Amino acid sequence: MEIIRLRNVGKSFGGIKAVNNINMDFLSGRITGLIGPNGAGKTTIFNLIGGFIKVDEGEIYFKNENITNLSPWEISKKGIGRIFQDIRVFKKLTVLENVLLGKSNAGEYPYNVFLRFKEVGKEEKENVERARYWIKFVGLEGMENTPAENLSYGQQKLLSIARLLMGEYEVLLLDEPTAGIHPEIVKKFIELMRKIVENGKTIIFIEHNMNIVSEIADWLFFLKEGEIYDMGKPGDILGNEEIRRIYMGLSDVKT
Amino acid sequence: MISQFLVNGIITGSIYALIGLGFALIYNTTHIFHIAYAGVYVAGSYAYYFFYRVIHLPLFFSFLAGIIVSVVLNLIIEFLIYRPAYKRKSSPMISLISSIGCYICIVNLIALLFGNEVKIIYQGVQPSYNFGNIIVTQIQIIQIVSFVFIFILYLLFMKKTNFGKFIIAFLNNPELLSSIGINIFNLRVIIFIVSGVLAGIASCLVATDIGMDPWSGMSILLVGIVSLIVGGVGKFNTAVLGGFLIGIIQSLVVWKTSAKWQDCITFLILIIFLLFKPEGILGTKRRFEEI
Amino acid sequence: MNYIFHILIMVFIYGILSLSLNLLVGYGGLLSLSHSAFYGIGAYATTLLLIKGVNFFPALIFSIFFTSILSFFIAYPSLRLKGDYFVLATLGFQIIVFSILYNWVGLTKGPYGIPGIPRPKIFNFELSTPFHYFIFSGIFFFIVFLFFRKLYNSPYGRVLKSIREDEIASASLGKDIPLIKIWAFVISCGICAISGSLYATYVTYIDPTSFTLDESIFIMSIVILGGSGNLKGPFIGTCFMIILPEILRFLGLPDTIAPNVRQIIYGLLLIILMKYRPSGIMGEYSLQ
């Protein structure tokens, strides 16, 4: 079913139209990719869905509920999570603390800290277990108490993924998840994405690496200058001469 | 009767306008919250006092000396504090706190050297003139005339000279400026000089009228900042509108209730503007879109 | 000996103030210049009740709630403001509150102050000596210290730290940023009321001049100098700022120039620290 729908969404920044008349449906249980040259508006769409910027025109629906212009935390609580192009881990916090923050808990309200301290303590214990599981899952085991700023770029990226997974979101928006990551880990990452989707979740991702795109995407939207230029199965899109011309560097991709 | 208060309001407003302009010049371009400007203000008037009462320089030259000291001090702060902070890419909050530290040092040094009590320049009664039922003292007339004169010079400087045009461009796009070969640092020097002049003139005028003390700089600066917020952020002359508005409102408060509520009302206006119209009456709306 | 107790009592009172401002600055990342206003509101609220014959503890509890609720109404609109504007708004509130305390003579007796504030009575035992007060304020300090320790180490403390690190990332994880900041503000100001109440009953006289903008800057300096973002920083800062003037006096600095010299030292320290060690002497966090 269509889990996220964008209807006639438009956004301008200081007179320049970043995205225009966007109509998109994202199906649940699928991996959908947004591809296109830089500046095409892909990250802007993520920001609009996520509530980080407000739409100028149009609406966004999540499971038939209108979520246009809600605040980022409201949208997150509804079940849409994201990672950022520039990672954004909490540098001075440890790996464990970063992942623990991925999930809401009662202890985040000060009155609960004091009035319901037993419950908060119990929940914290459970969350630490869960967090350790995800830390191990992405391969950062043993680094729980390392401050995030001491991690390498690739490790920080894995951390942000672990933090996202902790949130058990229904929809995951991944902004260039494999950029700067070692090919070995990329493989593991692709497996991970498949597994997540097998459990009924939805992934929407932005990617520039066409090999990865062709390997895992079920559907693609090709954006150019803020508009949807084309959409379809990876085979069709990536095989299209016109698109390959627009999007340089496609000529060496096997489809 | 109200006309007397209106006139008084305009006269005090002219001082707020000057300080607001000087503060706006720095804030609009460099985004530095120059709290130490209050210290620069006070230093100007005390230098004026020193040269006039201690060294016995003629009034006019003492006044000039006061302005020069303000300018020099403003530049010292820029070179010692703000420029290194800019080079280190420190956050604005850190500059703010350094600025507060600077203010504390300057004002307490002055208090140490000259004492905490109010000092006056002019002894004796001021000659005054009647315009209908409005009474204005000589120094008040000088104040408003000076303001008009200075403001015209300021506008000419900003609109006609190259420096002025670059400063306005600085507001919109500092990176572009450096890419066309303009030295930002030299421009900052000009900005701090002009703003120092404005503070010096304002403080010496006030000192001649009602005297000075080490602590009045902060209250004047704060009202100057309110003038900027009310008049409009992001432009270089809107603080004038704010200054006169606040001056008149303060006067009306004195007329209707009493002088003691001036501060309260002034800052209530600040809060209302910050919450409901932060760009001010004539300012440009800031876009807060993150990411 | 009484002199030493006096200094320690001041350390406890300002220690509580700095721990509370630390929640706002070091954890919430919000620079507030209105802390002395809430210190004053707490002091006056307790005082006015004590004068009417209310016992210290109910008066204190009322004062904490009153200050907290008042701070909510200030926090709710102000927290939308960014950076400089937020600081400016807190500055505005500080001046407004001071003006009301100073000029609403009917309520607060204005500049004349309120003398003869009764000392706290615990089960008919009246705290009369500095030693009693030293123990009394020490206990409060200890309780507040434990309170903040629990809070800083809780999930709430973790969320606050995440907000100060990266507000956007934190929001993307479902953290309700304005609500969390408002809580920090409200708790911070409520705790100020404890200091205010302790101060009022210790000195047995209050007037508005103890709660000026300069006082807010002083409290802010404690947190900045000592360092924010953890528990040690504010305490070190308090000890330093309270004990330094006494050392100066000890060294024979005449009382006429001592206050000015002290201020100059604070100012220089602020400048130097911001240049070389923005996280303060023992802090973990430097302002963004």
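How many residues does the contact take from chain A and from chain C? The contact takes 31 residues from chain A and 26 from chain C. The legends below start there.

This is a predicted model, in which local features need pLDDT of at least 70, side-chain atom pairs count only at pLDDT 80 or more, and totals for chains, interfaces and linings use all residues. Residues are numbered from 1 along each chain as its sequence is written, chains are lettered from A and ligands numbered from 1 in the order in which they are written, and side-chain values use heavy atoms, with hydrogens and water left out.

Figure 1. Contact means heavy atoms within 4.5 Å. Chain A and chain C bury about 2600 Å² between them. Buried area is the accessible area (1.4 Å probe) that two parts lose on being put together, summed over both. Carbon and sulfur atoms give 69% of that area. On the chain A side, Trp73(A), Phe90(A) and Phe114(A) lose the most area to chain C. Together these three account for 24% of what that side buries.

**Figure 2. The contact between chain C and chain B.** Here 41 residues come from chain C and 44 residues from chain B. The buried area is about 3900 Å². Of this, 77% comes from carbon and sulfur atoms. In chain C, the residues that lose the most area to chain B are Asp84(C), Tyr85(C) and Leu88(C). They make up 18% of what that side buries.

**Figure 3. Ile4(C) and its helix.** Ile4(C) sits in helix α1 of chain C, residues 2–27. Helices are DSSP runs (H or I, at least four residues) and strands are E runs of at least two, numbered from the N terminus. Ile4(C) counts as partly exposed because its relative accessibility is 43%. Buried means under 20% relative accessible area, exposed over 50%, and partly exposed in between (1.4 Å probe, protein chains only). Phe131(C) lies 127 residues from Ile4(C) in sequence. In space, the two are 9.6 Å apart, C-alpha to C-alpha.

**Figure 4. The fold of chain A.** Chain A holds 10 helices and 10 strands. Its radius of gyration is 19 Å, close to the 18 Å that the globule rule gives for 255 residues, so chain A is as compact as a globular protein of that length. The radius is taken over C-alpha atoms, and the rule is 2.2 Å times the number of residues to the power 0.38. The C-alpha atoms fill a box of roughly 60 × 40 × 35 Å along the principal axes. Of the 255 residues of chain A, 53% count as buried. Among its contacts between residues at least 6 apart in sequence, 64% join residues at least 24 apart.

**Figure 5. The fold of chain B.** Chain B has 11 helices and 2 strands. From the N terminus, the order is α-α-α-α-β-β-α-α-α-α-α-α-α. The radius of gyration of chain B is 19 Å, close to the 19 Å from the globule rule for 291 residues, so chain B is as compact as a globular protein of that length. Its C-alpha trace spans about 55 × 45 × 35 Å along the principal axes. Of the 291 residues, 55% count as buried. Residues 24 or more positions apart account for 77% of the chain B contacts with a separation of 6 or more.
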